[in-house]
Amino acid sequence: MRARLISLLALCLATAFPVCAEQVILGLSKNEVAITASFDGSEILIFGAVRREEPIPEGPPLEVVITVAGPSLPVTVRRKERRFGIWVNTDAVDVDQAPSYYAVASSGPLGEVLTNIDDLRYSISVPRAIRSVGAPMNIEDSGAFTDALIRIREDVDLYQMLEEKVVVDQQTLFRTSIQLPASLTEGGYVTRIFLTRDGNVISQYQTTIDVRKVGLERWLFMLSRNQPLLYGLMSIFIAVAAGWGASAGFTLLRR
Amino acid sequence: MGMQIYLPIAEVSVNAFLLLGLGGLVGILSGMFGVGGGFLMTPLLFFIGIPPAVAVATSANQIVASSFSGVLAHFRRRTVDLRMGTVLLIGGLIGAAAGVAVFNYLRSIGQVDLMVRLCYVLFLGVIGTLMFVESLSALRKSSSGRRPQRKKHGLVHKMPFKMRFRVSGLYISVIPPLLVGLVVGVLAAIMGVGGGFIMVPAMIYILGMPTKVVIGTSLFQIIFVAGFTTMLHATTNYTVDVVLAVLLLVGGVIGAQIGTNIGLRMKAEQLRVLLALLVMVVCGKLALELLLMPSELYSIAATRAE
């Protein structure tokens with residue numbers, strides 16, 4: 001039974017990657033991002049090489065597509081409409097899973113280095129990385145809501161399309177740099193590297209960059225979630241102490 | 001000036017000097033006019049990109065500090081009516097609990113922004129206009145003596161459950177102060193304000209309290225209502241950002257010192273006209289945002305687990 005499963009798996013892999021002779025060896029400038037109090041964004045260098053047992057195959061050149069995805073969360077996208085003369089949120093569409101951060105870097109225009117079929121299969125481009133089951137019956141233009149989600153997050157660099165930003169040397173070495181903005185959510189940032197030829201994915205590699213609050217930031221965040229009562233009391237204590245200190249200080253200054 | 005600081009709860013990175021400056025600016029105004037300044041702070045925090053839920057909850061925390069600082073000075077001068085403060089407080093706590101429940105409900109249906117803005121426009125508009133008219137006429141006849149206005153026998157005196165409030169020199173029903181406390185408590189929780197700018201006129205014009213005990217008594221009960229609101233937001237929404245609160249506090253404390261000195265050199269009527277203008281400008285800006293077509297019609301919110 002187990003042997004059959006393994007051979008089945010091998011068959012699947014063989015169909016998924018017809019030419020499995022080229023594999024990724026990856027390097028990252030850092031595999032951890034620490035969010036400290038003075039965190040102001042971070043740049044990550046992603047570089048690597050292609051290992052192969054045989055000479056470089058003939059035909060279309062090797063292309064590289066790299067994606068970095070922050071933790072996915074369900075979000076609600078709302079649209080304003082004018083009601084009784086003022087602008088009010090009316091229609092809403094729930095998106096089941098939208099990455100809090102998503103960057104796609106490729107060695108050429110994404111449409112040329114990746115076929116639509118493989119984009120769909122591996123959920124690579126930004127619209128494909130967002131999962132939405134469907135809008136309520138009364139909303140006909142649900143596409144406008146996902147477009148808005150992408151547009152708003154692109155404006156604050158949470159979603160990035162980095163076409164032609166991956167440099168490939170001799171079909172063997174590749175590198176790119178990805179900018180993480182200052183307003184990041186904690187979690188595992190899944191980094192995927194796809195090697196493509198003629199638009200078809202021939203090999204992929206996956207790793208995780210850990211983005212974590214550290215030090216005081218981590219302590220405060222955990223306290224606010226795990227001990228909310230204590231956290232609230234602490235906030236009030238600080239406020240009262242500061243208020244008392246200010247009053248005492250002013251009195252001293254006036255004398 | 002690259003002194004960015006990452007706020008652990010708001011999960012945004014902002015310039016620390018901007019927050020100190022903001023706290024300082026509101027502190028100056030609060031020192032000049034004797035108001036908590038929450039009604040200015042919350043919209044300003046929206047404006048610099050703090051998520052509304054965090055702005056409202058953190059303002060409540062910051063108000064605890066500024067009103068505690070203020071009430072100590074009033075205790076020294078014995079201008080706090082503790083009995084009246086306690087009655088207002090009972091109403092206020094019930095109101096705050098109801099207000100946080102309303103806030104969470106509105107947040108779940110995506111209307112919290114609208115409700116907060118509507119509350120601001122309505123209350124700032126009404127109070128700003130009334131204050132402007134009143135202070136202008138006071139300024140015109142400031143030479144011709146004080147207005148006699150106290151101890152009118154109205155509805156307040158016909159209600160049951162009368163109680164004696166010695167410091168205020170009043171013998172009235174407890175129902176009106178309970179109701180005033182309740183309304184201010186609801187607003188405090190929804191708007192992230194202490195409610196001083198509503199409480200003070202209500203105490204003078206509805207309850208008929210003497211002006212000299214009004215501010216101290218109002219501050220006394222605001223500490224508890226704002227503290228209670230902070231606790232409710234901290235335990236139900238996890239939206240109190242203590243780093244943000246501390247930065248605003250430090251600026252606020254310094255600003256209040258400067259503001260008090262400016263205020264001492266100005267006439268009371270001039271101050272009231274300026275405060276009224278300020279209130280009307282904030283109100284006008286918020287009203288325009290509701291009336292004009294926004295540049296982005298869509299907004300994103302985290303879906304709350306039911």
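**Entry 1: terms and ground rules**

Before looking at any sheet, I note that two strands pair if DSSP finds at least two bridges between them. Helices (H or I, at least four residues) and strands (E, at least two) are DSSP runs, numbered from the N terminus. This is a predicted model, in which local features need pLDDT of at least 70 and side-chain atom pairs count only at pLDDT 80 or more, while totals for chains, interfaces and linings use all residues. Residues are numbered from 1 along each chain as its sequence is written, and chains are lettered from A and ligands numbered from 1 in the order in which they are written.

**Entry 2**

I looked up which residue in E5(B) is the bridge partner of Val75(A). I found Ala302(B) in that place, and I also found that Arg79(A) stands opposite Tyr298(B) in E5(B). These residues belong to an antiparallel pairing of E5(A) with strand E5 (residues 298-302) of chain B, made over five bridges.

**Entry 2: where the chains touch**

I asked how many residues of chain A are in contact with chain B. The count is 48 residues of chain A against 46 residues of chain B, with contact meaning that the C-beta atoms of two residues, placed from the backbone, lie within 7 Å. On the chain A side, two or more residues come from each of strand E5 (72-83), strand E6 (86-99), helix H5 (142-155), H6 and H7. H7(A) gives the largest share, 15 residues. By class, I noted 29 nonpolar, eleven polar and eight charged residues on this side of chain A; Ala, Val, Leu, Ile, Met, Phe, Trp, Tyr, Cys and Pro count as nonpolar, Asp, Glu, Lys and Arg as charged, and the others, Gly among them, as polar.

**Entry 3: helix H7 of chain A**

I checked the length of helix H7 (residues 228-254) of chain A, whose 27 residues should span 39 Å at 1.5 Å a residue. The expected span is 1.5 Å times one less than the number of residues, and the end C-alpha atoms are 39 Å apart, which agrees. The buried residues of H7(A) include Tyr231(A), Ile236(A), Ala239(A) and Ala246(A). A residue is buried if 20 or more other C-beta atoms lie within 10 Å of its own, exposed if 12 or fewer, and partly exposed in between, with C-beta atoms placed from the backbone. I saw that the buried residues of H7(A) pack against helix H6 (215-226) of chain A, and also against helix H3 (52-76), helix H8 (211-236) and helix H9 (242-264) of chain B.

**Entry 4: the domains of chain A**

The domain assignment gives chain A a domain 1 (23-213) and a domain 2 (214-255); such bounds come from an automatic or database domain assignment. Their centres, taken over C-alpha atoms, are separated by 39 Å. Six residues from domain 1 and six residues from domain 2 make the contact. Strand E2 (32-35) and strand E12 (200-213) of chain A each supply at least two residues of the domain 1 side.

**Entry 5: other strands of chain A**

I traced an open sheet of six strands in the order E2-E12-E11-E4-E7-E8, with mixed pairing. Its edge strands are E2 and strand E8 (159-162), and its neighbouring strands are turned by 15° against each other on average, direction ignored. Strand E7 (residues 102-106) runs parallel to E8(A), joined by four bridges, and Ala103(A) stands opposite Gln160(A). Elsewhere, strand E1 (residues 22-28) and strand E3 (residues 42-52) are antiparallel and joined by seven bridges, with Phe47(A) as the bridge partner of Gly27(A).

**Entry 6: two residues with positive phi**

Gln171(A) has a positive phi of about 55° although it is not a glycine, and it counts as partly exposed because it has 17 C-beta neighbours inside 10 Å. Tyr238(B), in the loop between H8 and H9 of chain B, likewise has a positive phi, near 55°.

Methods:
Axes fitted to C-alpha atoms, helices over the stretch in contact; angles between N-to-C directions.
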